[in-house]
Amino acid sequence: MAAQEQLRLRRPRTFCDRKEVLNELNDAELIKRYRLDREGILFVTNLVRETLARPTARNKALSPEMKVIITLRFLATGKMQLCNSDDLGPSQQTVSRVITETLDALSSCPILAQFIKFPITPQETQRKKMEFVQIAGFPGVIGVINGTHIRITAPKEFEAEYVNRKRYHSINTQIVFDAKYKIIDIVANWPGSVHDARILNESGLNRFVFGRGMLPDGCHLLGDGGYPSKKCHKKTRSVVERGIGQLKRRFHVLHGEIRVSPPAKVCMVIEVCAMLHNICMDRNIGIPAGEDYNNGEEDDDQQPLEPPPQPAAARPREGLLYRDQFVNVHFK
């Protein structure tokens, strides 16, 4: 009887009406809120539609399009609260679950490899060189490299290893741009205390691509004093500074404190933002007006040339993955 009484008194679930943003907003409004136009949102959704459309027993299950839209809103603003205050419908708990699910799908190796590709063939490397020559006449450059710190909340494990030289917790992210401001390689999984030079030295980019002679002769990355044995030309190297600034202006989640855990999820956020940035570049989708971050240029995150000693706990469990042309070092 008690069970029957409880069943009788149970409140029926209520559902908020969900805003059909793809039908209600024009492309300019979509880009301002989600950084992609209608066709771009559908393009990204189709990349992960099968994964996100898995059968569920939930009533009013979210469509793959809505899951992608919620995730894009979070990446564009860095605030989960705005994902449900936009009349999208889901509760805060659902928003958190959906963002995790969508990030996990978009950050899979096969999908990232489609859009973040390091030039390998003679034809690709020659084209990259010519594009950089047109900037300032600097020869032989196929990419410009820099490090940037993405702020995170203090993790529960190895907390001290994530404190960088500016005394905040971060993921130290190595990023390489081509002359057209497209990202051609990214390493986003090292604690903030790790020096840029070590990240480069232990990256798949160094071990496989340059270390094993996979490139034609005369191909170089351009960095600054934080990277040993690399020449620097200010005008050419400024591409990476502006590129990182554009990435953070496009996706505000990257220039505030990313309040998700554990750090491995932050790494997914960074990689997915990099991939979406390239998709925006491919589709000629600009950054909405007024989305200013440091006038489009990156802060000086470089560390002294001599890396500080690294405690053993700072060394992540390493597994080298060769992602087609997307080469990286990842936690396993």
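User: Which residues does Thr 125 touch, not counting residues up to four places away in sequence?

Analyst: Setting those sequence neighbours aside, Thr 125 touches Pro 119, Ile 120, Ile 142, Leu 215, Pro 216 and Cys 219. A contact here means heavy atoms within 4.5 Å. This is a predicted model, where local features need pLDDT of at least 70 and side-chain atom pairs count only at pLDDT 80 or more, while totals for chains, interfaces and linings use all residues. Residues are numbered from 1 along each chain as its sequence is written, and side-chain values use heavy atoms, with hydrogens and water left out.

User: Why is Thr 125 called buried?

Analyst: Buried means under 20% relative accessible area, exposed means over 50%, and partly exposed is in between (1.4 Å probe, protein chains only). Thr 125 has a relative accessible area of 2%, so the word buried applies. Across the protein chain, buried residues make up 53% of the 332 residues.

User: What makes the approach of Thr 125 to the backbone oxygen of Pro 122 a polar contact?

Analyst: A polar contact is a pair of N or O atoms within 3.5 Å; within protein, one must be able to donate a hydrogen and the other to accept it, and residues adjacent in sequence count only if both atoms are side-chain atoms. A polar atom of the Thr 125 side chain lies 3.1 Å from the backbone oxygen of Pro 122, which is within the cut-off.

User: Where does Thr 125 lie?

Analyst: Thr 125 lies in helix α9, which runs over residues 122-136. Helices (H or I, at least four residues) and strands (E, at least two) are DSSP runs, numbered from the N terminus. The protein chain has 13 helices and six strands.

User: What makes the buried residues of α9 line one face of the helix?

Analyst: The buried residues of α9 are Thr 125, Lys 128, Lys 129, Glu 131 and Phe 132. Seen down the helix axis, they fall within an arc of 160 degrees, so they line one face. The arc is that of the directions from the helix axis to the C-beta atoms. An α-helix has 3.6 residues a turn, so residues three or four places apart point the same way. The face of α9 turned away from its buried side carries the exposed residues Pro 122, Gln 123 and Gln 134. As for partners, the buried residues of α9 pack against β1, β2 and α12 (234-250).

User: What makes a set of residues a nonpolar core?

Analyst: A nonpolar core is a set of buried Ala, Val, Leu, Ile, Met, Phe, Trp, Tyr and Cys residues joined through side-chain atoms within 4.5 Å. The largest one has 69 residues, and among the members that touch the most others are Leu 36, Leu 75 and Val 253. Helix α13 (residues 263-282) gives the most to this core, with twelve residues. Apart from it lies another core of twelve residues, including Phe 118, Ile 184, Leu 215 and Cys 219.

User: Why does Tyr 181 count as buried?

Analyst: Tyr 181 has 18% relative accessibility, which is under the cut-off for buried. Tyr 181 lies in the loop between β2 and β3 (183-191), and has a positive phi of about 70 degrees although it is not a glycine. Most residues other than glycine have a negative phi, and most peptide bonds are trans. The peptide bond from Ser 261 to Pro 262 is cis, with omega near 0 degrees.

Definitions and conventions: Expected span 1.5 Å × (residues − 1).
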